[in-house]
Amino acid sequence: MIQPDQLRPDETSWQELPSPPAHAHGVRFYEEDEALCFAIADYLGAGLAAGETAIAVVTADHAARVRALLAEAGFDPDARRLAILDANALLDRLLVDGMPDPGRFEQEVASVVAALAAGGAPRVRAFGEMVDLLWRDGNLPAAIRLEELWNDLSRRHEFALLCAYVVDRFLKDTHGESIRAICALHTHVFPGEQGAGPPPVRHAGELAAEIEHRKRLEAALRTAVSDLRRSVTEQGQARRALEDAHAALEAALGERDALIEQLQANARFSELFVGILGHDLRNPLMAIGTAASLLERRSECEKLAKPIGRIQSSAGRMSRMIDQILDFTRVRLGAGFPLASRPIDLADLFRSVLDELQATDGAAPIVFEVAGDTTGRWDADRLAQVVSNLAGNALLHRSPGSTVRIGIDGAAPGSVVARFDNEGRIPAEILPVIFEPFREANERRTAQSSGLGLGLFISRQIVLAHGGSIAVESSEASGTSVVVELPRDAAAVASGGPTATPGAPCS
């Protein structure tokens with residue numbers, strides 16, 4: 001980025017510098033052609049003396065004078081390291097509808113700069129007065145666009161560029177707006193005019209007017225340079241602020257990633273710990289259940305029957321909770337549910353599970369219906385968990401005095417559909433998270449449902465492991481329905497093979 005102290009309006013030329021700064025783009029304001037030709041010759045000669053290559057885009061008159069001045073200074077104007085192009089002819093080839101065309105600029109100008117840069121010289125220095133020709137014609141937008149194309153080219157090739165503008169047209173701009181527009185496109189401004197020989201003799205009145213013009217021009221130039229210096233300073237401050245913000249963001253992202261990694265490690269450890277704890281609790285819980293069964297068979301005291309029954313019931317609930325914890329841990333650790341599929345009749349499995357539920361609660365009002373072929377290949381133990389969870393939920397959350405309807409439909413050739421219907425509505429805010437684990441206790445309706453909230457989560461995972469789907473619908477008018485669809489052959493679905501057909505033997 002150009003620094004503010006590089007914008008020095010009191011510099012008279014780049015010849016006083018050992019070499020122009022990298023990617024420098026200067027502008028010179030001149031009055032006399034002879035002074036401009038001296039400046040061009042000095043500029044190009046300094047580059048050739050430094051071993052650089054040079055390109056000058058000048059008018060025919062200026063080209064002849066520059067060649068003569070270079071020859072007088074001992075330089076070969078036809079040297080391979082120097083290209084002098086006709087500004088009028090080149091400008092005619094660049095303009096399309098009065099504006100420089102980027103594609104033509106690339107072909108006519110950028111290619112020449114690239115060829116010179118590829119010659120092995122330290123750098124290329126260029127001079128151009130096409131912008132001055134556009135400015136003389138009153139086409140400021142075209143001049144500005146051409147300056148922008150030069151700036152774009154400087155981002156791809158390292159070269160120093162010097163442009164020139166005749167002063168007369170700027171003197172008519174009393175507010176200096178056009179000067180500001182031109183200066184804003186350059187890194188260096190050279191308002192002086194030296195090295196052109198003795199000044200011409202002028203009438204006193206003409207000289208006084210010229211002095212006034214010069215004063216106005218100098219004021220406009222200094223204002224433009226001051227504005228440009230301030231703009232560059234502000235850009236530098238904005239860039240540093242952006243770099244600081246970027247560094248702070250990178251640091252925050254690094255801390256976030258480290259925190260996420262730590263949280264993931266903690267969560268994984270917690271899940272492993274819970275899984276190990278649940279597994280290790282099975283043995284003492286089994287001992288409690290066995291001891292309660294022995295007490296029930298051997299005790300003849302009726303007073304002990306009820307406490308023993310509570311012990312057995314609590315042991316059963318704890319066993320189911322441990323099974324759910326272990327299943328949940330298996331899913332979260334990515335192990336999923338390995339299926340032991342075998343030929344079964346889904347209707348028989350449903351009847352067995354529902355009989356156990358009704359044995360626990362003899363008053364459980366369940367209506368069970370079967371239609372079509374309900375045979376297939378599934379993991380019976382896993383699906384028994386699903387039936388027990390869904391039927392138990394339907395019984396728990398039904399409206400008082402209502403009946404739970406459970407049905408299986410095997411009419412479709414490739415799948416079997418099971419429905420669990422009960423009266424009563426699930427709150428709308430719970431439906432979107434109905435299958436999420438560990439839902440808040442206040443999302444469950446009764447103290448009887450104060451389990452871990454894993455039943456529906458595990459049921460969904462089992463159904464998905466079979467390649468099936470599960471969905472819940474609930475409204476005040478129609479109640480709640482849970483619909484489960486299972487492909488007839490879970491193992492075939494998992495391996496991409498064909499599904500079983502109704503009536504076909506399951507072997």
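Which residues in α12 meet which residues in α13? The legends below begin with this contact. The model is predicted, so local features need pLDDT of at least 70 and side-chain atom pairs count only at pLDDT 80 or more, whereas totals for chains, interfaces and linings use all residues. Residues are numbered from 1 along each chain as its sequence is written, and side-chain values use heavy atoms, with hydrogens and water left out.

**View 1. Helices α12 and α13 in contact.** From α12, Arg382, Leu383, Gln385, Val386, Asn389, Leu390 and Asn393 meet Gly455, Leu456, Ile458, Ser459, Ile462 and Val463 of α13 (contact: heavy atoms within 4.5 Å). By class, this contact has seven nonpolar, five polar and one charged residues (nonpolar: Ala, Val, Leu, Ile, Met, Phe, Trp, Tyr, Cys and Pro; charged: Asp, Glu, Lys and Arg; polar: the others, Gly among them). The axes of α12 (residues 380-397) and α13 (residues 455-465) come within 9 Å and cross at roughly 140 degrees. Axes are lines fitted to C-alpha atoms, for helices over the stretch in contact, and angles run from 0 to 180 degrees between N-to-C directions. The two helices α12 and α13 are therefore oblique to each other (under 35 degrees counts as roughly parallel, over 145 as roughly antiparallel, 65 to 115 as roughly perpendicular and the rest as oblique). Their crossing is left-handed, a term for a near helix turned anticlockwise from the far one by less than a right angle, right-handed being clockwise.

**View 2. The open sheet of five strands.** The strand order is β10-β12-β13-β15-β14, with mixed pairing (strands pair if DSSP finds at least two bridges between them). Helices (H or I, at least four residues) and strands (E, at least two) are DSSP runs, numbered from the N terminus. At the edges, β10 (366-372) and β14 (469-475) each pair on one side only. The twist from one strand to the next averages 10 degrees. Seven bridges join β14 and β15 (residues 479-487) in the antiparallel sense, and Ala471 stands opposite Val483 in β15. Helix α12 packs on this sheet, touching β10, β12 (404-410), β13 (415-422), β14 and β15, and its direction makes about 25 degrees with that of β13.

**View 3. The open sheet of six strands.** The order is β3-β2-β6-β7-β1-β8, and the pairing is parallel. The edge strands β3 (82-86) and β8 (188-190) each pair on one side only. Here the twist averages 15 degrees from one strand to the next. Strands β1 (residues 25-30) and β7 (residues 159-166) pair over six bridges in the parallel sense; Arg28 has Ala164 in β7 as its bridge partner. Helix α1 packs on the sheet and touches β1, β2, β3, β6 and β7, its direction making about 170 degrees with that of β6. Helix α3 (residues 87-94) lies across β2 and β3, at about 70 degrees to β3.

**View 4. Helix α1 packed with helix α2.** The axes of α1 and α2 (residues 60-72) are 9 Å apart, at an angle of about 50 degrees. That angle makes α1 oblique to α2. The crossing of α1 and α2 is right-handed.

**View 5. A salt bridge between Glu52 and Arg125.** The side chains meet at 2.7 Å, N to O (salt bridge: a side-chain nitrogen of Lys or Arg within 4 Å of a carboxyl oxygen of Asp or Glu). Glu52 lies in the loop between α1 (33-49) and β2 (53-58) and Arg125 in β6 (residues 124-128), so the pair ties together parts that are 73 residues apart in sequence. The whole structure holds 18 salt bridges.
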